[in-house]
Amino acid sequence: MSSLEQMYQQVILDHARERHGCGNPTELSASSHQVNPTCGDETTLGVTLSDSGVIESLAWDGDGCSISQASLSMLSDMVAGADLARVRELYSAMETMMHSRGQGVDDDTLDLLEDAAALEGTSQFPNRVKCALLGWYALRDALAQLGTDIAGENE
């Protein structure tokens with residue numbers, strides 16, 4: 001294993017243990033419960049938007065593999081205090097990376113994703129892609145309940 005792969009593995013394990021943003025999601029404006037039936041990962045993610053369309057609060061709770069827990073932690077770090085344009089950009093970059101099937105993505109995408117770039121290697125394992133995207137799909141669903149589709153065009 002290369003030193004870069006070892007570093008990425010450590011970033012994933014650190015986030016899985018620390019679980020940034022973990023809290024009670026049910027007290028926020030909208031929440032979404034998502035389950036990955038392939039491996040049993042599950043999460044509930046809640047979000048509140050400010051009047052100006054900024055992620056005012058985000059909390060999640062759940063159980064699952066290191067990849068799903070780390071991805072949720074990384075998501076929390078990236079979108080906390082972000083406006084919807086930034087959240088859309090991050091969501092698109094994460095989906096692009098995770099659907100690359102191990103072919104790699106450009107450095108700008110990896111830079112944008114910060115610690116989540118460590119999950120790039122999981123894109124070559126279709127069952128693990130679901131783990132990495134579980135929290136992102138919960139975020140998309142919760143924001144859709146608030147009238148915003150982060151996978152669509154600006155509204």
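Reader: Among contacts between residues at least 6 apart in sequence, what percentage join residues at least 24 apart?

Author: A contact here means heavy atoms within 4.5 Å. The model is predicted: local features need pLDDT of at least 70, side-chain atom pairs count only at pLDDT 80 or more, and totals for chains, interfaces and linings use all residues. Residues are numbered from 1 along each chain as its sequence is written, and side-chain values use heavy atoms, with hydrogens and water left out. For contacts in the protein between residues at least 6 apart, the share joining residues at least 24 apart is 60%.

Reader: Which elements do the buried residues of H3 pack against?

Author: Buried means under 20% relative accessible area, exposed over 50%, and partly exposed in between (1.4 Å probe, protein chains only). The buried residues of H3 include Leu 84, Val 87, Leu 90 and Tyr 91. They pack against strand S2 (41-49), strand S3 (55-63), helix H2 (66-79), helix H4 (107-112) and helix H5 (126-145).

Reader: Which residue caps the N-terminal end of H3?

Author: Helix H3 covers residues 84-98 and reaches 21 Å from its first C-alpha to its last, close to the 21 Å expected, where the expected span is 1.5 Å times one less than the number of residues. At its N-terminal end, a side-chain oxygen lies 3.2 Å from the backbone nitrogen of Ala 85. The residue that supplies this oxygen is Asp 83.

Reader: Which residue is the bridge partner of Thr 44 in S3?

Author: Two strands pair if DSSP finds at least two bridges between them. Eight bridges join S2 to S3, and the two run antiparallel. Their hairpin has five residues between the strands, with Gly 53 at a positive phi near 80 degrees. The partner of Thr 44 in S3 is Asp 61.

Reader: Is Thr 48 buried or exposed?

Author: Thr 48 has its place in strand S2. Leaving aside neighbours within four places in sequence, its contacts include Leu 28, Val 54 and Ile 55. Because its relative accessibility is 12%, Thr 48 counts as buried.

Reader: How many disulfides does the count come to?

Author: A disulfide is a pair of cysteine sulfur atoms within 2.5 Å. By this rule the count comes to zero. Cys 65 is in no disulfide, its nearest cysteine sulfur being that of Cys 131 at 3.7 Å; Cys 131 is likewise in no disulfide, its nearest cysteine sulfur being that of Cys 39 at 3.6 Å. The number of disulfides is zero.

Technical notes
Helices (H or I, at least four residues) and strands (E, at least two) are DSSP runs, numbered from the N terminus. A polar contact is a pair of N or O atoms within 3.5 Å; within protein, one must be able to donate a hydrogen and the other to accept it, and residues adjacent in sequence count only if both atoms are side-chain atoms.
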